Amino acid sequence: MSHTFFRPFPLIAFLGAILLIWGCSEDDPVPEKAVPLIRLSTFLTSGSEELQMDVVNDGSAPMITNLNDELGLDFLIFGRRDVDENAVGFYFWQQQLSRSYYKDLNTGLTFSVNDVCGFSSETDTPKVIRDVSGNEDFVVLPYTRQGDAMALEFALRIFDRGASECRDLFLPLVAPSTVENYSIEGDLLGIYYRDQASGNPLLSLIDLSVGSVLETLNLSPDFQAATFNGNELWIFNRDTSYVVFNASSGNFVRSGNAPDLPAQGPGMFDSRFSGNQLLVDFIYQQPSLFFSQPAVYDFDAAALVEGANPFLPELQERIEQATGDRVLFGNYGVDLSSGTIAISYIRGDGSTEGGVTLTTFDLDWFELLELPFLPEEIEVREVQ
């Protein structure tokens with residue numbers, strides 16, 4: 001899951017039927033390949049409402065769910081929406097107040113907790129929640145408390161959903177002012193911070209199931225970013241070198257160089273892997289009408305194997321030839337196994353109409369789905 005604060009977006013205020021378009025000009029033919037059946041889950045903020053819009057490219061109308069109503073969302077000052085292939089989570093916090101909501105997109109089952117671990121009622125020492133996140137098994141509250149000599153101490157409050165237990169883990173080596181960011185994968189949490197004395201980068205791996213530190217890694221001064229691929233921690237340096245640490249064995253199991261890998265992070269970041277291939281952003285040289293497009297980096301080949309060259313200008317041109325509209329592109333979701341891409345778009349004529357473009361890295365077909373709301377986050381759930 002990405003750990004990004006969400007902000008309200010304006011309502012895309014038009015109503016329209018689902019319009020399916022697939023075409024190309026005679027001057028620029030596209031191989032006629034069958035368009036697969038594709039199922040999407042998309043998410044957006046409309047005013048004060050959080051919406052889930054499930055879309056299938058079979059001509060049916062999208063199914064729109066008001067997540068405020070379904071999950072009973074109760075907002076606080078700070079909040080986040082975390083989306084991955086199988087779930088959406090909402091987390092809110094303010095001082096010692098916290099709320100967590102989670103929905104499994106496969107089963108539709110929901111979970112919520114108000115005031116995680118009764119944290120707001122604790123008055124032994126001043127505490128402030130710094131963040132809230134989680135997954136299907138845990139809710140995690142990084143927080144600070146006032147320790148001896150009025151110094152702030154850093155800790156994690158871990159709520160184990162399966163066991164209905166709360167654990168505290170104090171991290172004496174972590175000064176609150178040095179925390180850069182953190183990421184959760186399964187029962188592992190990686191927190192990136194700096195040694196308060198030397199400023200050198202450090203990364204501690206936490207076992208959330210028992211609430212203990214598995215390992216603290218002294219990173220290279222050239223450290224750039226790190227991410228989980230299952231129980232492996234992939235660590236990237238600015239000189240293009242990388243190492244892979246296996247949290248189960250406690251050993252480094254791989255090292256190499258990744259030339260031309262687009263810069264990740266900085267610090268801990270959430271990622272999408274398929275084997276030894278990583279979904280990355282190809283950033284366009286600015287100024288440009290386009291900011292980024294999806295690409296795939298293969299660590300065995302040590303190269304970008306998909307999306308190495310700009311393809312959005314050609315896709316924009318083909319859509320304009322087929323429809324007369326010069327669309328502008330936004331966020332995207334990718335199914336790595338099939339190479340299917342779903343990109344949000346808005347019409348370039350100044351209207352507020354838009355939807356999702358479906359295509360592949362090779363642009364061997366495209367399809368436009370006009371939608372009543374513009375998606376902010378897109379997950380490709382199924383390709384048949």
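Mentor: Two strands are said to pair if DSSP finds at least two bridges between them. Strands themselves are DSSP runs (E, at least two residues), as are helices (H or I, at least four), and both are numbered from the N terminus. The model is predicted, so local features need pLDDT of at least 70 and side-chain atom pairs count only at pLDDT 80 or more, while totals for chains, interfaces and linings use all residues. Residues are numbered from 1 along each chain as its sequence is written, and side-chain values use heavy atoms, leaving out hydrogens and water.

Let us take strand β15, residues 188-194, as the part to examine. Six of the seven residues of β15 are buried, so the strand is mostly covered; buried means under 20% relative accessible area, exposed over 50%, and partly exposed in between (1.4 Å probe, protein chains only). Strand β14, residues 179-185, pairs with β15 in the antiparallel sense over six bridges. Within that pairing, V179 stands opposite Y193 in β15. The hairpin of β14 and β15 has two residues between the strands, and G186 takes a positive phi near 65° there.

β15 also has strand β16, residues 201-207, as an antiparallel partner, joined to it by seven bridges. R194 stands opposite P201 in β16. Six residues lie between β15 and β16 in their hairpin, where G199 in the turn has a positive phi of about 80°.

Strand β19, residues 232-237, pairs with β20 over five bridges in the antiparallel sense, and F236 stands opposite Y242 in β20. Three residues separate β19 and β20 in their hairpin, and T240 in the turn has a positive phi of about 80°. Strand β21, residues 251-257, runs antiparallel to β20, with six bridges joining the two. There, N246 stands opposite N251 in β21. The hairpin of β20 and β21 has four residues between its strands, and G250 in the turn shows a positive phi of about 75°.

Helix α2 has twelve residues, 312-323. From its first C-alpha to its last it reaches 16 Å, close to the 16 Å expected at 1.5 Å a residue; the expected span is 1.5 Å times one less than the number of residues. The buried residues in α2 are L312, L315, Q316, R318 and I319. They cover an arc of only 165° around the axis, which puts them on the same side of α2; the arc is that of the directions from the helix axis to the C-beta atoms. Just after α2, G324 takes a positive phi of about 85°.

One disulfide is found in a search of the whole structure, where a disulfide is a pair of cysteine sulfur atoms within 2.5 Å. It is formed by C117 and C166, whose sulfur atoms are 2.1 Å apart. The pair links distant parts of the chain: C117 belongs to the loop between β8 (110-114) and β9 (127-129), while C166 is in strand β13 (residues 165-170), 49 residues apart. The angle about the S-S bond is -100°, and the link of C117 and C166 is left-handed. C166 is partly exposed, with a relative accessible area of 40%.

The setting of these parts may now be stated. The protein chain has two helices and 31 strands, and buried residues make up 50% of its 384 residues. Along its principal axes the C-alpha trace spans about 75 × 50 × 35 Å.
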